[in-house]
Amino acid sequence: MNMRAQSRVVAVLGPTNTGKTHYAIERMLAHRTGVIGLPLRLLAREVYDRIRALRGPDCVALVTGEERIVPDRTRYWVCTVEAMPLEIGADFVAVDEIQLCGDADRGHVFTDRLLHARGLHETLFMGSDTMRGAISALVPGAHFQRRERMSQLSYTGSKKISRMPARSAIVGFSVENVYAIAELIRRQKGGCAVVMGALSPRTRNAQVELYQNGDVDYLVATDAIGMGLNLDIKHVAFSATRKFDGRRMRPLAPDELAQIAGRAGRYQNDGSFGVTGEARPLEDEVVEAIESHSFLPMRKLHWRNGRLDFGSADRLIASLELHTQDDWLTRARDAEDLTALKTLTGMPEIRDKLRDARDLRLLWDICRVPDFRGISATEHAGLLARLFDFLHAQGQIDAAWLARNIQRIDRTDGDIDTLSRRLAYIRTWTYIAQRKGWVGDENHWRDETRAVEDRLSDALHARLTQRFVDRRTSVLLRRLKQKESLVAEVNDTGEVTVEGELIGRLEGFRFRQDKTASADEAKTLRQASIAALTPLFHLRADTFYNAADTEFDFTEQGGLMWGTTAVGKLTRGDDPLRPQVEPFVDDEAGHDVSEKVRRRLQHFIDRKIAAQFEPLMAMSRDETLTGLARGVAFQLVEAMGVIPREKIANDIKALDQEARGMLRKHGVRFGQFTIFLPLLLKPAPTRLRLVLRSLAEGLDEFPESPPAGLVTIPHLSEVPSEHYLMAGYRPSGARAIRIDMLERLADMLRACDSRGGFEATPDMLSITGTTLEQFADLMAGLGYKAERGERAKVKPEPEPAPEPEAAADAPATSAESENESESEAEPETGAADAPAPADPAEHTAASPEATDTSDALSAEPEPMDVYFTFTWAPRPRREARPARKPQDARPKGGKPKGAKPKGKRPEQKRESVASPPRKSDRIDPDNPFAAALMGLKTKG
């Protein structure tokens, strides 16, 4: 009573942001000793750090349920309200957030401090003005100070998270809700910090630092931020206005909403509050109450009897359940510690050990171990029973058992939920290690549990940051907001980094920003890239313009490459041999860069065409070509050096030898099937011709050039024949043959008897690169009939002499002539009956087969050779065939009126079909020695 009489009690009341906590710190430091009780471990750590910075670490202590830092010369104690040392007789005592006397769970602790905690010289209670009446009634003689808010607080209604202003805090009332909001903000705003009451101070401080230093502009928190955490918040948004209080879902009272909303607008800066997400807009009267700080006064404070009776277990429980007759007080509902006490005293093995008051005090201290883990009451009671067994029997907790439990938790792997659960578990062991006399080596176990908590805290902070903060977007936003110049760096692989953060890849002159960014992140990346890449584009354009032609290339689809990077594409021009260039340059690079790239690419493709098509260009510039020769040259230039003979057959016939000679000087070859320039059939000109012709014809997809060195390629029915011609091939049957090799084959076929029939020579198979069956199909495509036959395989002599070789040729010639005569008479059987070179061994081996049946059955069959006999059998061209009248519409007498004699048809076909030459004295005008032969014929 003397201490109460001498102590001056002051209640500093008012809304948030009035500097009450700051005032309490100043008053405590004005005294020699002091104790300040705070509602949260997080807030206690914040105040401890402030006083430690002002007075040094040797004179300030931090005491919470899980943390105890007590120097030898402690003068100032910073504690949670539950951990306040009331027995030390400090000059100054303060309790913050005294309105928590009305909290259903912890209110009885605050009420006890209001009634009994006093400093020797000064006692301070800070809190809401709703406590004025209760303090006046319960603390006679208390002085009151009304403090006004330093800034205005206004309601802004509902806002989507995507439109939430910077420096906003979004409040949720469950872990799931907080995480969902944080994930949404990361995608839309680049990230946020997360603050919850369950976080360790170390994790909370690291998260707050992210927000305070500007790495992120958003904070997602539980209502823990309403308890004195001083942050630079401009706007508070409620994602919900209902919360689960441990027993039921209930709406938040206006003063509870005001406590949280008041975090906005610190010091002289005005703040705002509102709702977001699925939260309904606040009622007008609630808004008015928050803005004017006018709330209903508190009528009942939660209370629990502090004078405990340790005479027996039942008497202890009865004293805790004692009711009060004071109108301002109401008995608190059963807290966790009382529930645990009832459970443990109901266990026979525990009750039997309660012999005296000392045992009951020990049991009561153990029951006050908080259930940080959030497990069931039964599981928590099981842990407490084990602790009681150790402490009652041994006086200390078994070190090996404690070590095993701590070691199981000391792991930093896992996701956010796993690490949060481990942190909750280690808080239990940290609390146990802080109890005096419970463990053998108190300093060791305090350090051990603190180290595990720190490791888990760091890991949790890293996971929270990894999941809810896009550092890249955050850093770029901060630099852009501060209007700092951004410098982009590009490595050898094209990756672009700004301020050390990867923002995308530079492909030539097009920036491809990181695909993992969300829509909102993409805007930031684009904005940063424009600012950082502009000077880089100009430097790269200068390097590009001075690069050698060897660094450039074109693709088979008309793309233009700079090394491995696409920098443009070819487009159709007025002249097929003069395509235009479309550069791939971002608009942000500017017109100058785009034009420089376009000019360089145009120079490259123009020079490429001039080099690859040099024979064509030279022919087009030759002024000595006149008349029909110039017309043929013009058509060859238009066709890019390859044109079917049948397409210009009349012009070729009309060319005289002099004109042909002038064209041959330019490399033109007059083939039986194609007029072409052999130099333009090489792989490089062929590849270019395919691209240029595809551009000229406006194809959506360009045909690819065949692999170099192939004489024949598959003939696909869905590929137009014009594409094969552009590639330098002519379709024939199931394959297409290169046109220069086709002309070499045609030269060989001229020497064969195509009417009587002939077989393929090894040279024919060699130049076409085909098997015998493939060659037969190819010949069928050229208009020849192939008849298959078999004959006994001729065994080579061990040492063949020239004479048998010559002898073998003679029968072959006779057989050929024999075949010719037979094929004229019986075309279907002549080829099959054509004899092979005579082999006496065949006849000598035949008679035993006829006479001895058993030998015939046991003898192996002789190997047979497959061969084909080719005869000229052209199919009539459908496009050249006149439309026939129906059979019944013909006039009687056979032939249609005006029909030409049948004998003339083959001569008409030979002009356009690959027919064999007639045996005549006519000199082939395409023969390079035609002029000399004509002179000899004239002399003869």
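## A charge over a ring

Over the face of which residue does arginine 435 lie? The residue is tyrosine 431, and arginine 435 lies 4.1 Å from the ring centre. The model is predicted.

Arginine 167 and tyrosine 211 make another such contact. Here the charged end of arginine 167 sits over the ring, 3.8 Å from its centre.

## Aromatic pairs

The structure holds 15 aromatic pairs. One of them joins phenylalanine 552 and phenylalanine 604. Their centres are 5.7 Å apart.

Where do the two partners lie? Phenylalanine 552 is in strand β23, residues 552–554. Phenylalanine 604 is in helix α20, residues 591–612. The pair therefore ties together parts that are 52 residues apart in sequence. Both phenylalanine 552 and phenylalanine 604 are buried.

## Phenylalanine 758 and phenylalanine 870

The rings of phenylalanine 758 and phenylalanine 870 also pair. Their centres are 5.8 Å apart and their planes stand at 40 degrees, so this pair is tilted.

Phenylalanine 758 lies in the loop between α27 (739–750) and α28 (762–768). Phenylalanine 870 belongs to strand β34, residues 864–872. The pair therefore links parts that are 112 residues apart in sequence. Phenylalanine 758 has 5% relative accessibility and counts as buried, because the cut-off for buried is under 20%. Phenylalanine 870 is buried as well, with a relative accessible area of 0%.

## A ring cluster

Which residues do ring pairs link into a cluster? They are Phe758, Phe775, Tyr784, Phe868, Phe870 and Trp872.

How values were computed. Residues are numbered from 1 along each chain as its sequence is written. This is a predicted model: local features need pLDDT of at least 70, side-chain atom pairs count only at pLDDT 80 or more; totals for chains, interfaces and linings use all residues. Side-chain values use heavy atoms; hydrogens and water are left out. Rings of Phe, Tyr and Trp (its six-membered ring) pair if their centres lie within 6.5 Å; planes under 30 degrees apart count as stacked, over 60 as edge-to-face and the rest as tilted. Helices (H or I, at least four residues) and strands (E, at least two) are DSSP runs, numbered from the N terminus. Buried means under 20% relative accessible area, exposed over 50%, partly exposed in between (1.4 Å probe, protein chains only). A charge sits over a ring if NZ of Lys or CZ of Arg is within 6 Å of the ring centre and within 35 degrees of the ring normal.
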